[in-house]
Amino acid sequence: IYGPNVPVMMGLRHANPEIRSFPTPDGDVIDKLLPVENYGVAVMSMGFLIDEDQPVVWRGPMLNSALRQFLSQVEWGDLDYLLVDLPPGTGDVQISLIQLTKITGIVHVTTPQEVALLDVRKGVVMFRSQGVPVLGIIENMSYFVCPHCQQATNVFSHGGGREVAQLYGVAFLGEIPLVPQIREGGDEGIPLVAAKPESDIAKRYMEIASKLAAEISISNWSSATSDAQHEGQS
């Protein structure tokens, strides 16, 4: 919502979501947006609904309304997972999401330096206080490997994401290095996993996705077991 750049990164820069009418259980009709799709992923973003150079200057109630629309007025269909790309911090969007829907869990993506990790720590504590499971932490821009000498440089420090994961007892899902191919794929709208699926970096993304899927399964099983025990006791 704050940085609507997903259409560019997903190769959907000029896409226009279709509006279609759907019947409601009470016999009425409601108009819903249809997500647009690329690389097998259904996408909805503010980037489809405003001009590319138009800033989103919104406060709490307007952000809440937009999030509500994306959750309830988009015909998502059958999905394996619904991922909501959130801005950093613990502000209006995060609080609205907690209030509007039951969240399976949260994933923190951070660079490894201390000023970024401060936000992660606050986020972990805030979501846990609201009963939202923290599924894991991903360290982005973890290091840079020189293409000429192959030497690794810790541009933003290194290992901070893993340390915070250990501190709070959550899964560390993996590291993504700082490489030009990721930036090129984002600018060109061809994600690296689609452009070069056999590359080492693409395999890292797939590893992280597999670990996250496992954490979701574990969290869902734990939640179902807890609910069953509670029902048995009552």
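Helices (H or I, at least four residues) and strands (E, at least two) are DSSP runs, numbered from the N terminus.

1. Basis. This is a predicted model: local features need pLDDT of at least 70, side-chain atom pairs count only at pLDDT 80 or more, and totals for chains, interfaces and linings use all residues. Residues are numbered from 1 along each chain as its sequence is written, and side-chain values use heavy atoms, leaving out hydrogens and water.

2. Strand 1 (residues 19–23) pairs with strand 2 (residues 29–33). The sense is antiparallel, over 5 bridges; pairing requires that DSSP finds at least two bridges between the strands. R20 has K32 of strand 2 as its bridge partner. The hairpin has 5 residues between the strands, and G27 takes a positive phi near 90 degrees.

3. Helix 4. Residues 114–129 form this helix of 16 residues. From first C-alpha to last it reaches 23 Å, close to the expected 22 Å (1.5 Å times one less than the number of residues). G131 follows helix 4, with a positive phi near 75 degrees.

4. Packing of helix 4. Its buried residues (under 20% relative accessible area, 1.4 Å probe, protein chains only) are A116, L117, V120, G123, V124, M126 and F127. They pack against helix 3 (92–100), strand 5 (106–110), strand 6 (134–145) and helix 5 (160–168).

5. Strand 4. V41 lies in this strand (residues 41–43). V41 is partly exposed, because its relative accessible area is 39%, between the 20% limit for buried and the 50% limit for exposed.

Terms used:
Contact = heavy atoms within 4.5 Å.
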